[in-house]
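Open the model in your viewer and keep the sequence panel beside it. We will go from stop to stop, and at each one you get something to select and a note on what is there.

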Amino acid sequence: QVQLVESGGGLVQAGGSLRLSCAASGSIFSINTMGWYRQAPGEQRELVAAITRGGRTNYADSVKDRFTISRDNAKNTVYLQMNSLKPEDTDVYYCNADVLKDFMSWPVIYWGQGTQVTVSS
């Protein structure tokens with residue numbers, strides 16, 4: 001089994017910063033893409049940022065130049081540095097990982113449990 005555990009959410013004032021972390025553990029051979037998504041109540045989950053194993057990144061337009069995604073492959077961990085936070089960034093943030101359990105298997109996507117980020121105005 002694979003588990004993703006997120007940390008780093010919380011309450012911050014507009015203009016502030018937070019750093020989210022997500023560590024994957026369990027039966028892992030390799031992890032392809034890792035990403036961060038967010039979801040407000042009653043809305044669809046949307047991509048915030050993603051990063052390949054080789055370090056290529058992709059960002060939602062709304063967070064470009066404010067958020068930075070990075071990863072440590074040795075630790076199976078992905079980070080999201082969030083700067084210049086706005087009230088509209090308030091959401092539950094989820095990480096996901098595209099995991100290979102062995103070299104013969106197909107990749108499977110796993111999700112973390114979510115961490116609340118609240119930005120006050």
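**Aromatic pairs**

Rings of Phe, Tyr and Trp (its six-membered ring) count as a pair when their centres lie within 6.5 Å; planes under 30 degrees apart are called stacked, over 60 edge-to-face, and the rest tilted. By this rule there are 2 aromatic pairs. Before you select them, a word on the model: it is predicted, local features need pLDDT of at least 70, side-chain atom pairs count only at pLDDT 80 or more, and totals for chains, interfaces and linings use all residues. Residues are numbered from 1 along each chain as its sequence is written, and side-chain values use heavy atoms, with hydrogens and water left out.

Select phenylalanine 29 and phenylalanine 103. Their rings form a tilted pair, 6.5 Å centre to centre with 55° between the planes. Phenylalanine 29 lies in the loop between strand 3 (18-26) and strand 4 (30-39), and phenylalanine 103 in the loop between strand 9 (91-100) and strand 10 (108-111), so the pair ties together parts that are 74 residues apart in sequence. Strands here are DSSP runs (E, at least two residues), numbered from the N terminus. Are these two phenylalanines buried or exposed? Both phenylalanine 29 and phenylalanine 103 are exposed; on this scale buried means under 20% relative accessible area, exposed over 50%, and partly exposed in between (1.4 Å probe, protein chains only).

Now select tyrosine 37 and tryptophan 111. This aromatic pair is edge-to-face, with 5.0 Å centre to centre and 65° between the planes. Tyrosine 37 belongs to strand 4 and tryptophan 111 to strand 10, so this pair ties together parts 74 residues apart in sequence. Tyrosine 37 is partly exposed at 22% relative accessible area, and tryptophan 111 is partly exposed at 37%.

**Charges over rings**

Arginine 45 lies over the face of tryptophan 111, at 4.7 Å from the ring centre. The rule for a charge over a ring is that NZ of Lys or CZ of Arg is within 6 Å of the ring centre and within 35 degrees of the ring normal. Then select arginine 19 with tyrosine 79: arginine 19 lies over the face of that ring, at 4.1 Å from its centre.

Zoom in on strands 1 and 3, which run antiparallel and are joined by 6 bridges. Valine 5 stands opposite alanine 23 in strand 3, and the bridge partner of glutamate 6 is cysteine 22. Glycine 26 lies in strand 3; glycine 26 and valine 2 are 24 residues apart in sequence and 4.5 Å apart in space, C-alpha to C-alpha.

**The disulfide**

How far apart are their sulfur atoms? The two form a disulfide with the sulfur atoms 1.9 Å apart, where the cut-off is a sulfur pair within 2.5 Å. A search of the whole structure finds 1 disulfide. Cysteine 22 lies in strand 3 and cysteine 95 in strand 9, so the pair ties together parts that are 73 residues apart in sequence. Cysteine 22 is buried, at 0% relative accessible area, and cysteine 95 is buried at 0% too.

**Two loop residues**

Finish with asparagine 76, in the loop between strand 7 and strand 8. Asparagine 76 has a positive phi of about 50° although it is not a glycine. Serine 84, in the loop between strand 8 and strand 9, has a positive phi near 50° and is a residue other than glycine.

Definitions and conventions:
Helices (H or I, at least four residues) and strands (E, at least two) are DSSP runs, numbered from the N terminus. Two strands pair if DSSP finds at least two bridges between them.
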